[in-house]
Each structure stands twice: as C-alpha cells, then as structure tokens.
Amino acid sequence: MYSSLHLFQNPILTSIFQMDSPNVLFTAPSVRRNNATLICAPVIAESVEKMKIDMHKAKAEGADLVEIRLDSLNTFDPFQDINALIQHRPLPLLFTYRPKWEGGMYDGDENKRLDALRVAMELGADYVDVELQVAHEFFDSVRGKTYNRTRVIVSSHNFKLTPSTEDLCNLVARIQATGADIVKIATTALDIADVTRMFQIMTHSQVPFIGIVMGERGLISRILCAKFGGYLTFGILESGVVSAPGEPSLKDLLSLYNLRLLAPDTKVCGLIGKPVSPSKSPMLLNEAFKSVGFNGVYIILLVDDIANFLRAYSSTDFVGFSVTLPHKETAVKCCDEVDPVAKSIGAVNCIIRRPTDGKLIGYNTDYVGAISAIEDALLGKHNGSSTTVSPLAGKLFVVVGAGGAGKAVAYGAKKKGARVVIANRTYDRARKLADAVGGEALALADLDNYHSEDGMILANTTSIGMVPKVDQTPISKHALKHYSLVFYAVYTPKMTRLLKEAEEAGATIVTGFEMFIGQAYGQFENFTGLPAPKELFRKIMKDY
C-alpha cells in the first residue's frame with residue numbers, strides 16, 4: 001500500500017522563511033531537502049528568558065520552527081510574555097498551552113487558557129495548537145476576526161492506544177469539521193504494527209496532517225513521516241526536555257537519520273529486536289548510505305512479534321532488516337527462502353525482500369564476522385603466522401548460549417575444525433545444539449568447574465553483561481585462567497566485566513566490535529546491492 005505514496009506539499013515551507021516582522025528575518029536554510037516535512041523543536045522552560053535562549057539553540061541545531069509550551073512557565077503574563085517571544089523569535093513559533101486533561105501541565109481556568117491562545121493570534125503567532133475537545137468553542141470565539149498570519153492546529157492525543165484505521169479516519173473528519181488549518185493526531189503504539197494505520201491516514205490525507213505515534217515502538221512514525229508526507233515532526237534540543245514519549249532529538253533526526261534527504265521513494269531498512277536502543281547500526285549504515293548515494297534510511301524497530309511485523313510492513317519499500325535478539329531463530333520460519341548456511345545454523349540475522357516478487361530471503365552474516373575476528377586475534381598472538389589451516393583447528397571452543405548468535409558461532413567454529421562445547425542455562429537447548437554440531441553440552445551452572453584443558457577459547461553469545469546488566473558475567477574470574485582467548489559477541493558496552501576479568505587473567509580478548517563490523521559488511525551489500533565500503537565503515541566506527 002505504500003509503493004504509490006504521494007508527498008503532501010507543505011504550502012508554507014518556502015513562505016515561512018520570508019515573513020515580515022520588525023525584528024525578524026528568517027533565512028531559508030541552504031540544506032538540501034527531498035521532502036516538505038518541517039522539524040519542530042519543543043521548548044519547555046520555566047521562564048521566558050530561558051525560552052528565548054532555547055529558541056536560538058533550536059535555530060542553531062537546524063529546526064524549522066519552535067513549539068513554545070506555555071504550560072511549562074512558572075509565571076505567565078499572556079500579552080507581555082507572548083509578545084516578547086514573538087518579537088525575539090529567530091524561527092516561526094507554534095504556541096501550545098496544554099492542559100493536564102490532554103497530557104500537559106496547565107491546571108487552571110479554561111477561559112484564561114484559551115484567552116492566551118487568542119492573544120497569541122492577535123500578536124502574530126505563526127501557529128497555535130488547540131485541543132479538539134475545545135476547538136468548536138475556540139473557533140466560535142474568534143469567528144469574524146482576521147488573523148492573517150496564524151494557522152490553527154487542532155490536535156487529539158490518545159495516551160492509551162492507536163485506534164483502528166476507520167476510527168482514525170472519523171477522527172480526521174471531526175477535526176476538519178472544526179475549521180482546522182492543520183490536523184494533528186497523536187496516539188500510542190502498543191505494537192509497532194500500530195504505526196501502519198497512521199501511515200495510511202498520512203498517505204491519503206488531502207489536508208496538512210501531523211501524525212505521531214508515541215512511545216519507543218512508535219519512533220518509526222517520527223522519522224518516516226518525511227517519506228509519507230507528514231506536515232511536521234518533533235525533535236528535542238540536545239539538552240531539552242522530552243515533551244512526549246519516544247521523542248527523538250533534533251540532532252538524531254538531522255544527523256543520524258538524515259531526515260531532510262528522505263523522499264517518497266526512499267528505501268527503508270531497520271534493526272528488528274527487543275531491546276534495540278544501544279545499537280550503533282543506524283549511525284554506521286545511514287552514514288554509509290549517504291556517502292555512497294544510496295536512497296535509503298536505516299531505523300530502530302522495537303518489535304515484539306516479528307511475524308506480525310513482517311506482515312504489517314509488506315511493501316517493497318521496506319527492503320531489508322537486520323535481526324537481533326530475541327528474534328533470530330523465529331526469523332527462519334518467517335522467511336520464504338533461507339540461505340543454506342543460515343538454515344544449517346538455524347538462525348537468520350538479515351532478511352532481504354526480493355524486489356521482483358516481494359519474497360523474504362533469510363541470511364546469516366554473524367558467523368563470518370565472529371569467526372574472522374577470533375581467527376585474526378589468534379594469528380596475531382602467534383606472531384601473524386600465515387597458514388591455510390585455521391588457528392581454530394583442534395581448539396576446544398566453548399560457546400556460551402544456544403540462541404541465534406550461539407548457533408552461528410558454534411557452526412562457524414565447527415566449520416573451522418574446532419571441538420565445540422555448548423554451555424547454556426537450559427541444558428536441553430545446549431544438548432540440542434551440541435548434537436547438531438557434533439559437540440559436547442553442559443549447563444551454564446557447571447561452566448566454572450569445566451577445565452578439561454588449558455588454552456581453551458570462550459565465546460559469550462548471550463546478553464549476560466549487556467546494558468543494562470553490566471555487572472553480570474557468565475563465568476567466574478578464577479575459571480578464566482584456563483582460556484587463551486575470550487570473545488563477547490555484544491559491543492555495548494565495548495569492555496564488559498567478562499572481558500576485563502579475562503584480560504586480567506592473561507587471555508587475549510576480542511570485543512563484539514569486530515563481529516559487528518564484519519556482519520555489517522554483508523548486510524550493507526544485501527541491502528544496497530553495492531560492495532561494502534570497508535575503509536569507510538572503519539573510519540565511521542573509529543571512535544566507538
């Protein structure tokens with residue numbers, strides 16, 4: 001349904017930068033734009049002076065306009081304060097005076113609140129935001145008066161869920177019937193698939209439409225609104241206060257997701273996982289896409305049910321996905337075809353939608369990145385000796401974890417001639433994987449006492465020690481003396497308790513960074529059809 005999207009043309013994108021004001025001259029930004037979606041920076045402060053400072057910060061950080069949250073002010077004189085803000089504005093201003101009953105901070109007299117918004121219109125506000133519940137009353141009070149400059153946004157906020165498409169359509173009609181210049185609907189995502197309903201409304205809207213789905217699962221709505229024709233999106237200042245759940249920073253919208261470059265034909269890639277927030281993949285891949293001129297965006301996708309997600313986002317515009325914990329094994333069943341290597345491993349970390357028929361093809365690039373990083377470290381330890389035989393050949397290789405990453409590493413180690421041992425919290429899962437690769441199995445609780453020989457290799461493929469549980473480790477420090485090399489598949493944090501203690505015990509350590517960048521090469525090539533710019537990848541990641 002998304003392949004034939006139209007881009008709603010923002011009628012004021014060019015005009016807002018040429019407004020007549022005694023103290024203001026808005027200059028059109030020199031940044032290239034592929035869409036008309038505006039970026040609005042909410043300013044939430046206790047004083048007008050702080051708001052003035054933040055307005056200028058917003059301009060410096062690249063915002064198109066500023067939302068002034070009047071309900072955040074400690075003291076408020078409507079005429080004096082609004083006039084001061086308008087006279088000193090470096091960007092167009094949207095005035096919002098949000099009551100508690102609509103998620104705001106104002107808890108006073110309704111007439112005074114609406115009076116303040118009328119004052120803003122009289123003083124030349126660029127926009128005011130009025131809640132649907134009081135919109136008819138507000139428009140009745142200004143009927144017959146002329147406010148040439150001000151556009152009225154009529155908004156509705158649902159902090160519990162995202163209604164059905166039919167209910168959203170009816171809500172749009174109700175808001176339009178008030179006389180709104182711009183329709184704004186903000187809902188809450190209980191599942192990432194909820195966002196597709198907002199995109200449907202946005203795509204087919206014939207009026208200026210702001211559609212936001214709040215919460216971490218709704219982040220995609222705040223970025224892809226630029227692809228689907230949304231009127232504006234919100235991005236907080238670097239040191240700003242979040243005005244709604246799941247709001248990204250202005251810096252991330254512009255620099256991480258390259259929002260200005262998104263267009264109706266932009267291809268969408270993303271990281272499917274739970275959790276996903278610490279990932280550096282968006283930073284790496286979006287910069288690489290931009291550098292090679294690939295018209296794509298890579299976004300974070302907090303997914304509870306991968307099968308449901310793939311059904312909901314079935315357009316060929318959604319070209320591919322990285323898959324991380326806990327979905328790698330389930331992903332195998334969701335693909336129409338699975339690469340033989342991934343099938344042997346029983347886990348998929350990359351899904352590509354074939355453009356010719358829309359079928360989902362599953363791959364596994366994890367094992368190449370992990371095994372190559374471990375081999376390189378071993379060769380370095382052996383004075384860089386070159387040999388056609390893998391340095392893993394004959395080594396006792398202990399894999400902690402029997403999930404998707406564990407399967408990939410175990411399969412790769414076996415392929416290189418290592419003797420594989422699987423340690424897992426659930427012994428039955430360890431046994432199943434060990435049988436598949438012709439290895440041994442043991443319960444994770446027995447790992448401390450397992451030392452059949454010295455010089456073993458340990459690979460932790462679980463989330464033990466990952467943010468936020470950084471103090472955890474799968475093995476005690478005293479047991480690490482039996483290992484010559486310790487690898488951790490996760491790169492956040494880069495140096496975990498396990499790796500620190502392994503280093504102190506005299507083992508060579510390999511961080512998840514090398515595995516991450518190795519598998520990223522393969523995913524980039526799958527997403528774009530272009531060779532991976534390996535030197536560029538390392539340059540981008542050099543500080544991480």
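Strand E2, residues 65-69, is mostly covered, with five of its five residues buried (buried means under 20% relative accessible area, exposed over 50% and partly exposed in between, with a 1.4 Å probe and protein chains only). Helices (H or I, at least four residues) and strands (E, at least two) are DSSP runs numbered from the N terminus. The model is predicted: local features need pLDDT of at least 70, side-chain atom pairs count only at pLDDT 80 or more, and totals for chains, interfaces and linings use all residues. Residues are numbered from 1 along each chain as its sequence is written, and side-chain values use heavy atoms, with hydrogens and water left out.

In a regular strand the side chains alternate between the two faces of the sheet. In E2, Leu65, Glu67 and Arg69 lie on one side and Val66 and Ile68 on the other, and all are buried.

Strand E1 (residues 38-43) pairs with E2 in the parallel sense over four bridges; two strands pair if DSSP finds at least two bridges between them. Ala41 stands opposite Val66 of E2. From E1 the chain passes through helix H1 (residues 48-61) to E2, in a right-handed β-α-β crossover (right-handed means that, with the strands pointing away from the viewer, the path from the first strand over the helix to the second runs clockwise). E2 is also joined by four bridges to strand E3 (residues 93-96), and the two run parallel. Leu93 in E3 is the bridge partner of Val66. E2, helix H2 (residues 78-87) and E3 form a right-handed β-α-β unit.

Gln519 is located in helix H17 (residues 512-528). Gln519 counts as buried because its relative accessibility is 9%.
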